[in-house]
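Me: I would like to learn how to read the pockets and strands of a protein model. Please give the general idea, then the case here.

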Amino acid sequence: MKVVSVVGARPQLVKLAPVAAAFARTDHRHVIVHTGQHYDVNLSDVFFSGLGIPDPDVHLGVGSGSHGVQTGRILAAIDPVFEAERPDWVLVYGDTNSTLAGAVAAVKQHIRVAHLEAGLRSFNRRMPEEHNRVLTDHAADLLLAPTEDALRHLTREGLADRAVVTGDVMVDVCLRVRDGVLAGAHPRPDLPSGVDPDQPYLLATLHRAENTDDPERLASLVEALAALPLPVALLAHPRLLARAEAQGLKLAQGAVHVGRPVGYAAMVAAVLGSVGVVTDSGGLQKEAYLLGRPCTTLRSETEWSETLDGGWNRLVPDPARLGAAEWVATATRAAPQTPTSTPFGDGRAAERVVETLERWLTVPRRD
Ligand code: UD1
């Protein structure tokens, strides 16, 4: 069996790591195509080296652009790659523009498409990620759902007959790296200067277009972080830095200490060292849950609703509306007593992904 994985953005590289490792334990041919959606060293290269992912076989180098331009560039650049490779499967990951472009290009060449992390929904059609997920799920031949909740969404959309629950591959990588961090196999977290890793701190990230691109909203979120009574280590995505600069907004104010994004093990170490996480990232909400740190999510909805159980994750769409005292109490709350459960799987999802691709090769195609 020959499988082409299409990746391009940071969270996809994290998901690729356990999948590439699972393929390496088989005789299957696994080809990695990097679209180049993310190109900064700390959004891309550090994940390949840090997680032991083989170098991409093909790099399309598309770079940044508006959603339409970026998606279109990937489509055009990936077409000849699929034509040359003629794989049994194209495997796309998550919800980025690289996901959608990979799926559409494969469908047009009648190559089977499998969508890893299928069935997630925010039900917020303003999010580019929501368009990407819904369109990719409806285009794909095989939907690899991480949770039962994701399967329920697919069932509601009439897609149950092509869906399989495999568990979440991010659990595979998160637990493996956590064990390495706890065993001292990785250096201590590299926090922004001014944040002492031995004193209580909050870890924060902010990169969603709906939070960064509206100047008033971004200013109000940064003000809320600045007002917290603990140091806030804000690991700033380039989108956040670019928008803040364009809007003339200073990020390093009050409690906020600004650093660059870090590699995966450093991120896991930073979460483990923190007393809590404040974020708008999907992956980080889940990592906080898996690593047992309370998370405050600066959004009105989450695709990972299981993290809300027991109060491990709380949605705060607008800290300013919550009032100063309640915002501080929420963001700095202690970890709940309720133990976390295992809705995201047992850490062996990548093996199940490979087995499912093998099994579904024998299922007649829908066309
Ligand atoms: C993308 C995904 C999002 C995912 C996120 C993870 C889409 C629609 N969004 O958002 O789902 O959560 O990745 O990080 O695909 N930039 C750099 N260097 C880079 C990459 C980007 O400076 O290596 C800057 C550029 O100013 C660019 C901006 O970040 O315009 C946004 O990048 P883009 O790839 O469009 O989306 P992300 O915000 O990273």
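**Pockets and a strand**

Reply: Six helices, α1 (10-24), α3 (67-85), α5 (128-139), α10 (238-246), α11 (264-273) and α12 (282-291), each supply at least two residues to the lining of the largest pocket. The model is predicted, so local features need pLDDT of at least 70 and side-chain atom pairs pLDDT 80 or more, while totals for chains, interfaces and linings use all residues. Residues are numbered from 1 along each chain as its sequence is written, and side-chain values use heavy atoms, without hydrogens and water. Helices (H or I, at least four residues) and strands (E, at least two) are DSSP runs numbered from the N terminus.

Me: Why does the largest pocket lie between domain 1 and domain 2?

Reply: Both domain 1 (2-168 + 345-360) and domain 2 (177-331) give residues to its lining, so the largest pocket lies between them. The domain bounds come from an automatic or database assignment.

Me: Which residues lie nearest the centre of the second largest pocket?

Reply: They are Ala17, Pro18, Ala21, Arg25 and Arg176, out of 18 lining residues. The volume of this second largest pocket is about 240 Å³. Helices α1, α7 (169-182) and α15 (349-360) each supply at least two residues of the lining, and α1 gives the most, with 5.

Me: Is strand β4 buried or exposed?

Reply: Buried means under 20% relative accessible area, exposed over 50% (1.4 Å probe, protein chains only). In β4 (residues 89-93), 5 of the 5 residues are buried, so the strand is largely enclosed by the rest of the structure. Trp89, Leu91 and Tyr93 point one way from β4, and Val90 and Val92 the other way.

Me: Which strands are joined to β4?

Reply: Strands pair if DSSP finds at least two bridges between them. Strand β1 (residues 2-7) runs parallel to β4, joined by 4 bridges, and Ser5 stands opposite Leu91. Strand β5 (residues 112-116) is also parallel to β4, with 5 bridges, and there Leu91 stands opposite Ala114.

Conventions
On a 1 Å grid over the protein atoms alone, a cavity is a set of points where a 1.4 Å probe fits but cannot get out, and a pocket is an open set with protein on both sides within 12 Å along at least five of seven lines; lining residues have an atom within 4 Å of a point. Grid points are joined across faces, edges and corners, and a volume is the space filled by probe spheres set on the points.
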